[in-house]
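The following paragraphs lead the reader through a multi-chain model, one chain at a time and then across the contacts between parts. Please keep the structure in view while reading.

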Amino acid sequence: MNLQTLLYIGGRLIKGVIILLIIAVFNFFLIRAAPGDPAKVMAGEAGATDEVFLQQLREQFGLDQPLYYQLWVYISNLLHFDMGMSYRQNIPVFDLIMDRLPATLLLTGTAFLLSIALGVLAGVIASVNYKKWVDSLITILSLIFYATPLFWLAIMASLFFSVYLGWLPGFGMETVGVELSGWDRVIDIALHLVLPATTLGLFFTAVYARMTRTSMIETSRLDFVKTAIAKGMTPSRVTRKHVLRNALLPVITLAGIQAGQLIGGAVLTETVFAWPGIGRLMFEALFQRDYNLLLGVFFISSAMVVLFNLITDVIYCVVDPRIELSK
Amino acid sequence: MKPLLQVEDLTIRLPKGGDREFAIQKVNYNLMPGEILCVVGESGSGKSMTANAIMGLLPKTIQVDAGTIIFDGVDLASLEERRARELRGNRISMIFQEPMTALNPLMRVADQIGEVFLIHTNMNAKQRDERALALLVDVGLPDPEKMMKAYPHQLSGGQRQRVMIAMALALEPAILIADEPTTALDVTTQAQILKLIKELQEKHNTAVMFITHDFGVVAEIADRVVVMEKGQMVEIGGSDDVLNNPQHEYTKKLIAAVPPLVAPHREALLEVTPVLTVNNLCKTYSTGGGWFSKARVVKAADDVTFTLHRGETLGLVGESGSGKSTVSRCVVRLLDSDSGEILIGEDAIQDLNTAELAPYRKRIQMVFQDPFASLNPRKTIGQIIADGPIAQGMEPAKALAKAAELLDLVELPRAALDRYPHEFSGGQRQRVGIARALAHDPEILVADEAISALDVSVQAQILDLLDTLKVRLNLAILFVVHDLRVAAQVCDRVIVMQKGKVVEMGVTKTVFEAPSHEYTKSLIDSIPGASWRSDLPDHIPQEGQPEKQPAMSSV
Amino acid sequence: MNIIKTLSQNKVAMVGFFVLAIFCLIAAFGPLLYDGSPWKMVQRPFLPPFENSNYLLGTDTLGRDVLAGLIYGTRISLLVGLVSTLIALLIGIPLGAYAGYFGGWVDELLMRFTEIFQTVPSFALAIVIVAIFEPSVYSITSAIAIVSWPPVARLVRGEFMSLRSQEYVLAAKLNGQTHRNIIMREILPNSLSPIIVLASLMVATAILLESSLSFLGLGDPEIMSWGYMIGAAKTVVRQAWWLSFIPGLAIALTVLSLNLLGEGLNEALNPKMSGKREN
């Protein structure tokens, strides 16, 4: 990796941090826009409503300070990984989220890899068999999965595979009440992962399959493919060495953009399967009107998207030699 | 001598709903060992079809209907795909028109060349690299070791075409098919590539099938010529015979449309006050430049000074990147210049804002290059022409009446008013573009490569029209053009530009006959077929009858 | 017009069109013709479908008529889908048009702004907005519009960037046309095709988003919607699977038909296919 590439990635990193800061500011104002006085909400939890106690709370949380000062405190706290307390659980928001984050990373990561692998494969197969029945089948299937609500698919899958057939666990991340360790635990988690990851991944599989198919067909009409054919290559070599690599570039870009959708989708999947990740945490926060926690989860999931985008940028850099020329 | 390749009664059918039934019909010709055969024709003549059939590059919807292509005792038209692949890139290879897109952007040059050896030979990686390097030396690329590791985007168009040639000649094929390989290149690069092809062809005794639309190129390299028209082969013969003594009407017409490379004598102009004056015009572009990288600065116009008079055609010639288009766009204020003066009559317009500029817009108008992109596809021809005067405050009814008159002027039927651009051919659209520019009754017309997207026979008609209009309306024309043959024919004076600078300016005849600057000399020397049609003063295109336009393509 | 002709020859797109038309008719006239409230308890709870001819699709956990819920749900789904898409277009088109037409720092500024909205996980943002501003048809529609305009802006910007240097636009400039005229009459009409295609797909996505929000309990408490029906039946899926199944099928069908139509429009409007050049 040369200097220009590193500078490029550095630039993207700085951009990501700036975006996160802006989201943080946005978050701060959203908390202020939430209904009710935060002090009253907190006091309500504690069961007391007298004015002296409210004043104490305001001082304790700096709510009596001017807005710009509060914003400054909020941002600087954020830089120290301090996102305030959960109103309801009285535990630091950051700790709550970090406790749940690995489960979400496992779920979304698996679903992401699965959907990319399956989607690209399906797209390539469809494009190679352009306008034959395999192509039609893949196109129809991806249209159907593209149209099916994620949460409904999750419910139906758990009903069928877990309740009706009894093949796979449809609830939680580990079997309750049994202490497992080592490989047994890994296998147990893996089994629990199958349904949530598949249902979350299927929608994105459809997205990637359609994108790959279109991109493959467009790329195969480009001039350098003609050159490759004129060299006397077999069609499969032309596809592998020349069409596929070029066709994957827009898919990589899309993968980065879709990362955000994937994390949003996790809220639904985790809710249906009771998967103990930040998506479910968000759902819980929603129900308990725990706005500080809600916005904390929102911020962390944005940070995850920035991270995913950065990873796709790096991959793009490695795959496309032309990137160093553009800014 | 036995022919290397025999094309016999080859007929290729087009899919239903096309503009004709056959792409090519009953085409017959031979390719002899070691000769250069040029296949010439205008766009849509089917000149590339045979080559694509040979290489298995026909689209799936188009198939060989009848006939054979015999090579080495086998019929390529019916040969099974596996065996045909063994020949491709090995015994027969091909280079293409667009060097910018013909190479895989994600693969290093060495790997793209090495691939040919990988497919057709048993060489190991080291041997492949050695041979690739030797080929890069052969095609005359600078710093071949560095080139090996380069990606296509790091190479210029001419360098990429050299890589393509290296790749095509890697296994010393018996036949090289070149499909318009120099059309996308500048004239000096074109001359170098033509020279390279000829040298390598002689060295290896390769037979070359060279597909082109340019009779200059034919004159430069062809041994024999095949002329195609609408899928039919209309003439075949030795290069000298076809070029200097064409038999078929169509060939005669095509050759007559090629402007001879000699500037006719023109009367000196009487008018002395210029209608357009450009003083010390400068314009720089900076590209790239982010937080960490320095911007690259290109001087597109560097201290350009000239004047233009009524009744005069001033040519602005140069290769791509010379800045000729930048100058023309600064003059009409589509681009803002950095410094210098632009005067229309006696008024400086370079710093005027949109409102102040409005009255001058009428006086200077432009005709554009691409007849397909220069007309809004969602407006009728009437709207397109009348829009300008309406924007300048004319009543719509009056503007439309004027549009009808303008159609007469550019020799289009008035019925065109209510039709949309897609119903017209390229030449007809260019006439609409001219009518639109004339709708303002301008004094100055800037023609930005106004004919370079057209077929040669249509070019002649449009040039003819412009010349007639110039005389009739006493226009001053600034003619931006890269084709020096055209410049020689239509311009009273020419300005030669290189890298943003004016290197030579003078009366056309003088510049062409006795160029004073080295660059001008090299430009003129690079014109393909320079010695052919350089002494035919009786044959200038203005004298040929303007082709009657077909009433309309389809109604 | 030949676009309609091309589209009508595309069987798959026509299937989408007819299914969608039926849903539209149900949304428009269903509540007037079908007598019954989606909220009223009419029968015993958990009445399975096709047992009682008065309540064809059975009843839910509280004995409410499922068919009535479905009909009212159609209205809200299509309405939210259409209105939020319209708002997203109203934000995205001008933004993209300005950025693409003027370029330079205007473009830089507007695109950085768009980028922030594109980075934020859209569903999570929609949840936060609806939760903070209390669930209602208005907050749901605005939230969906707010998260779905960035693709419009990017698309329009791209179109404007490529069209603004087209020669017919330059010719309009030389004619002395105003920027407003050039944007509205020269460029916008020529960039409408991809916008129409995108819009049809956006309605589909908006319907999915609305149902997801209602599923999480963020629906308008006054209005019966498909997502809410599935959410309410989630806990009883073992006893009464059809309560989740039926509304889900309705969502999938609507979204699928919109996608099919969008796909067909794309093919009909694709400049590569339609006669941009002669022949």
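How far apart are the end C-alpha atoms over residues 123-149 of chain C, and what share of the chain is helix there? The end C-alpha atoms are 13 Å apart, and the span is 85% helix and 0% strand. This value, like every other given here, comes from a predicted model.

The span belongs to a set taken from a database record. In an unreviewed UniProt entry, the annotation "transmembrane region" covers residues 12-34, 76-102, 123-149, 195-219 and 240-261 of chain C. Residues 12-34 of chain C are 96% helix and 0% strand, with 30 Å between the end C-alpha atoms. For chain C as a whole, the count is ten helices and zero strands. Read from the N terminus, its elements accordingly run α-α-α-α-α-α-α-α-α-α. Taken along the principal axes, the C-alpha atoms of chain C fill a box of roughly 75 × 45 × 30 Å.

Chain A also carries an annotation from an unreviewed UniProt entry: "domain: ABC transmembrane type-1" is assigned to residues 101-316 of chain A. That span is 83% helix and 0% strand, and its end C-alpha atoms lie 26 Å apart. The domain assignment divides chain A into domain 1 (3-79) and domain 2 (98-319). The C-alpha centres of domain 1 of chain A and domain 2 of chain A are separated by 32 Å.

The two domains of chain A meet through 16 residues of domain 1 of chain A and twelve residues of domain 2 of chain A. The size of an interface is often expressed as the accessible area lost when the parts come together. For domain 1 of chain A and domain 2 of chain A, that area is about 1,300 Å², with 82% of it on carbon and sulfur atoms. One salt bridge is found across this interface. Arg12(A) forms a salt bridge with Asp313(A), in which the closest N and O atoms are 2.9 Å apart. On the side of domain 1 of chain A that touches domain 2 of chain A, helix α1 (residues 3-33) of chain A gives the largest share, 13 residues. By class, that side comprises twelve nonpolar residues, three polar and one charged.

Chain B is divided into four parts: domain 1 (1-91 + 175-256), domain 2 (100-170), domain 3 (274-283 + 298-363 + 442-529) and domain 4 (370-441). Between the C-alpha centres of domain 1 of chain B and domain 3 of chain B the distance is 37 Å. Their contact draws 16 residues from domain 1 of chain B and twelve residues from domain 3 of chain B. Together, domain 1 of chain B and domain 3 of chain B bury about 1,100 Å², and carbon and sulfur atoms account for 53% of it. Zero salt bridges are found across this interface, whereas seven residue pairs are in polar contact, both residues being at pLDDT 80 or more. On the side of domain 1 of chain B that touches domain 3 of chain B, α7 (187-204), α8 (215-221) and α10 (249-257) of chain B each supply at least two residues. Of the elements there, α7(B) gives the most, with six residues. The class division on that side is six nonpolar, five polar and five charged residues.

The last contact to consider joins two chains. Chain B contributes 30 residues and chain A contributes 28 residues. The area buried between chain B and chain A is about 2,600 Å², of which 66% comes from carbon and sulfur atoms. Two salt bridges are counted between chain B and chain A. In one between Glu115(B) and Arg237(A), the closest N and O atoms are 3.4 Å apart. Twelve residue pairs are in polar contact across the interface of chain B and chain A, with both residues at pLDDT 80 or more. The elements giving two or more residues to the side of chain B that touches chain A are α3 (109-120) and α6 (157-168) of chain B. The largest share of that side, six residues, comes from α3(B). Its residues divide by class into 17 nonpolar, nine polar and four charged.

Conventions. Residues numbered from 1 in each chain as written. Chains lettered and ligands numbered in written order. Predicted model: local features only at pLDDT ≥ 70, side-chain atom pairs only at ≥ 80, totals over all residues. Heavy atoms only, no water. Contact = heavy atoms within 4.5 Å. Buried area = accessible area lost by both parts, 1.4 Å probe. Salt bridge = Lys/Arg side-chain N within 4 Å of Asp/Glu carboxyl O. Polar contact = N/O pair within 3.5 Å; in protein donor to acceptor, adjacent residues only side chain to side chain. Helix = DSSP H or I, 4+ residues; strand = E, 2+ residues; numbered from the N terminus. Nonpolar A, V, L, I, M, F, W, Y, C, P; charged D, E, K, R; others polar. UniProt positions renumbered as here; feature names shortened; annotations may be inferred. Domains from an automatic or database assignment.
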